[in-house]
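Here is a briefing on one structure, grouped by topic. Please keep the sequence and the model open beside it.

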Amino acid sequence: MANVQLPVRPAEQPPPPAEAPRARVRSRLRNVDVFALWPVAVMLVIVFVTALRSEHYFTVFNFENILSQVSPLGIVTMGQAILLVSAGLDLSVGYNIALSSIVTGLMLEDGYPLWLAIAAGVGAATAVGFANGVLVAQNRAHPFIITLGMSIFLFGLDTQLTGGAPVNDMRGLYTAFGGNLPSYPPFFGLPAVAVPLGAVVVLAYALLRWTPLGRRAYAIGGNEEAAYLSGIPIKRTKIYLYTLMGALVGLTGMVLAGQINEASFNLAQNFELESIACAVIGGTALFGGRGGALRSIQGVALWGVVQNAIVFAGLSSNYQQMALGAIIVIAVMVTRAQR
Amino acid sequence: MPDAPLLRIDHVSKRFPGVQALDDVSLVVDAGEVRGLVGQNGAGKSTLVKCITGVHPPDSGRIVLGGEPIGTYLPKHAYELGIAVVHQRTQLIPWLSVTENVLLGQLPTFGGAIVRRGEANRIARELLERFRLDIDPETPVARLAPPERQQVAIARALFRRARFLILDEPTASLDAARAARLFELVRDLQREGVGVLYVSHHLEEVFSLADRITVLRDGRVVATRPAAELSQSEVVTLMAGRRLEAAAARSAAPARAAEAAALELDHVSTDVLHDVAFAVHDGEVVGLTGVVGAGGHDVARLLFGLERPLAGEVRLAGERYRPHGPKEAIAAGVFLVPEDPTRDGLVPALSVAHNITLVDLASVSRLGLLSRRLEQAVAGRYVRDLSIAAASVDTPVRNLSGGNQQKVLVAKALAVGARLLVLEEPTQGVDVHATAEIHRIVRGLAEEGRGVLVISTDVRDLLEFVDRVVALRGGRVVEDVAAAETDYARILDLMVGSLQAAA
């Protein structure tokens, strides 16, 4: 029993087996979970069917329209996905988006410079996120109830700040996010709101995949006890994640208020549930440990395509909600079947 | 006594992957008999209980209750058959009242809809009186102390007209007075013709209650004899078997009293531990043993900063060591490999590589970003060195066997350069082959100069690979001896029998 090979001589270790690049690509591809791509498949079917029925459907304009519609939701969904991975969630995003837009809008009304108004709006939302994080981390209470309480609180705050009346001129923000990019390459006339969405998707992907913070989120969501016993600072990590969510919410507030040139308490109604739904549709687990940015953005894309297809089918928007409800249930069943 | 025995277990065998848990076990319990069931950890007691209660159907053999063979059945059917089991952790619904728990599913009603509260409480109170238990039946169970809960669980079993009652370590949470009350109750039940299987580590109790005692070892019945014809030391000998070869396989531990110990507990006390003192030197494997509840788990918690001593001091390489939480313990060079890897130690959904590097992510990061190449290299090294059987380092650890999960935990410890490893029950639930490998790995860790403390209730397993054995009983150290100078029977006797530690 004396001669066990134990790691004391790293220098002598043979180099890792050199894989041919093609073999490596193939082995990476094999790891791709084909089932996880089901929202894309469903989306392609819907696009195909709707395109057969309407000649106006399969146009650049229509797809830009979809993109512009889902961008704000997409940004929040990335934040929600990061929280869900860590077995958290944030139900206060709807009224927190509203709060950031209101703070910015009121300051613009009072003639403050744009940069200061944006800083204040994003700062307010980030502070709310930080507060959520501290409350969740300190109380070990379920984030559901903490952020629900925060949501109700913010609803009151939002209506108090605006007196119920919306701010109708977002000035520079509208200039920034209300239109489209130039139509020549490399912008191709994409809606301006797609730019922050793209940046946030890359950021969320990188955070979850490549940073220690992201890895800790997976560990806490996968097994909080094991994460604690591994010396991971649970509280600090949670506070970081909720604060990041707050910042993304602030960004969403700017994008959304700029896009429709309005700040009001009901600016982002249902965003909390829709963002959770989109992340779950994409395959992010509701109770932590599994999922990711690309998966979750699939859910957003599917939701956008479905909403749009229902309009093209000439159905009332009530059917959109029915469809979303059905998709959530199907998503959960598909995810279960996968395991 | 009636002609047909109450419970008859006929040639029951049960195999789990890598281990024969029960091997041709036969047992007959008469109505009105209290049968003591004893055996070392892993002897098959709990498997036998689970076979009787329907949790694990036996692979072969049959179980006959009241003259009728009962085929395969589920745990919920056991109740209907008249078999009830009361565990250390009893299953009650905390926010329901005592009455509701006892009568659950059979509450007296008006026309099936409305509960007759007065009547229900009267029935419950009658049952409670038999325990001389002064509890308001309307109290929610959550407000009761653990021993009272246990008695409520027994009351429930009686209300269901249990014919056969299994008490599994029933006194673990009871003080002396309550234990005495439990014994009176057991004798009452006996007079009423209920058969009782009394499973316990505490031999004195078994001897004072049981009519006959059955000893299990390695899944076999080694003896069933009237208690009056046995002595405690005979039972210990039967539990231990006669195995003397363990000591020969290991070289004698070198004397090292002069060096400063890697770890030293200096008369440490907590709620459970009393004045515990022992040391672990660099390059030494110390086994800490004792029955469940004797304090081994508490030492682990103490060393990992999950609990703090009320008195006394822990020293690490001569310095005072008082960690606040696992983070500080790890920083001080201590690493705990907890008892249940999937529950406490690993993140099942993460890959082997990600679990191994989790503790020190900075060491596998470049410019604040995780480096896949570095992670693969670190993980690959330990997967090879510890021969972890995984398809690749990207395999989620939930797909690994128990033994390999243990090894991933050891790899985690090595990856952060731990100087002192604390392993809790490292061989529990792993097969013979993996056990041998874990022994080898643990020896290897010590030979590289680390200190290793193995906390285990399985004395025989410990004796095969540790240098020293420290035995705990009721939170006190009752033995601290070189493994080569003792044997299984003696340690077992110190842990459960009548042998007192030499002062």
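What percentage of the 339 residues in chain A is buried? Buried residues make up 45% of them. A residue is buried if 20 or more other C-beta atoms lie within 10 Å of its own, exposed if 12 or fewer, and partly exposed in between, with C-beta atoms placed from the backbone.

This is a predicted model: local features need pLDDT of at least 70, side-chain atom pairs count only at pLDDT 80 or more, and totals for chains, interfaces and linings use all residues. Residues are numbered from 1 along each chain as its sequence is written, while chains are lettered from A and ligands numbered from 1 in the order in which they are written.

**Confidence in chain A**
- The mean pLDDT of chain A is 87, and 89% of its residues reach 70 or more. pLDDT is the predictor's confidence in each residue, from 0 to 100.
- Among the elements of chain A, helix α1 (residues 21-31) has the lowest mean pLDDT, 57. Helix α11 (residues 234-260) of chain A has the highest, 97.
- Over residues 1-19 of chain A, pLDDT stays under 50. The model has 24 contacts beyond four places in sequence for this stretch. Two residues are in contact if their C-beta atoms, placed from the backbone, lie within 7 Å.

**Fold of chain A**
- Chain A has 14 helices and 0 strands. Helices (H or I, at least four residues) and strands (E, at least two) are DSSP runs, numbered from the N terminus.
- Of the contacts in chain A with a separation of 6 or more, 77% join residues 24 or more positions apart.
- Helix α12 (residues 271-281) of chain A has 10 of its 11 residues buried, so it is largely enclosed by the rest of the structure. Among the buried ones are Phe271(A), Glu272(A), Glu274(A) and Ile281(A).
- Gly283(A) follows α12(A) and has a positive phi, near 105°.

**Nonpolar core**
- The largest nonpolar core has 242 residues. Such a core is a set of buried Ala, Val, Leu, Ile, Met, Phe, Trp, Tyr and Cys residues joined through C-beta atoms within 7 Å.
- α11(A) gives the most to this core, with 13 residues.
- Ile82(A) and Val422(B) have the most contacts inside the core.
- Beyond four places in sequence, the contacts of Val422(B) include Ala300(B), Phe304(B), Leu336(B) and Ile455(B).

**Contact between the chains**
- Chain B brings 38 residues to the contact and chain A brings 29.
- Elements of chain B that give two or more residues include α10 (326-331), α13 (372-385) and α15 (432-447).
- α15(B) gives the most on the chain B side, with 7 residues.

**Helix α13 of chain B**
- The 14 residues of α13(B) should span 20 Å at 1.5 Å a residue, and the end C-alpha atoms are 20 Å apart, which agrees. The expected span is 1.5 Å times one less than the number of residues.
- Its buried residues include Glu375(B), Val378(B), Arg381(B) and Asp385(B).
- What covers the buried residues of α13(B) includes α12 (352-357), β20 and α14 (402-415) of chain B.
- Ser387(B) follows α13(B), with a positive phi near 35°.

**A hairpin in chain B**
- Strands β23 (residues 468-473) and β24 (residues 476-482) of chain B pair in the antiparallel sense over 6 bridges. Two strands pair if DSSP finds at least two bridges between them.
- Leu472(B) stands opposite Val477(B) in β24(B).
- The hairpin has 2 residues between the strands, and Gly474(B) takes a positive phi near 55°.
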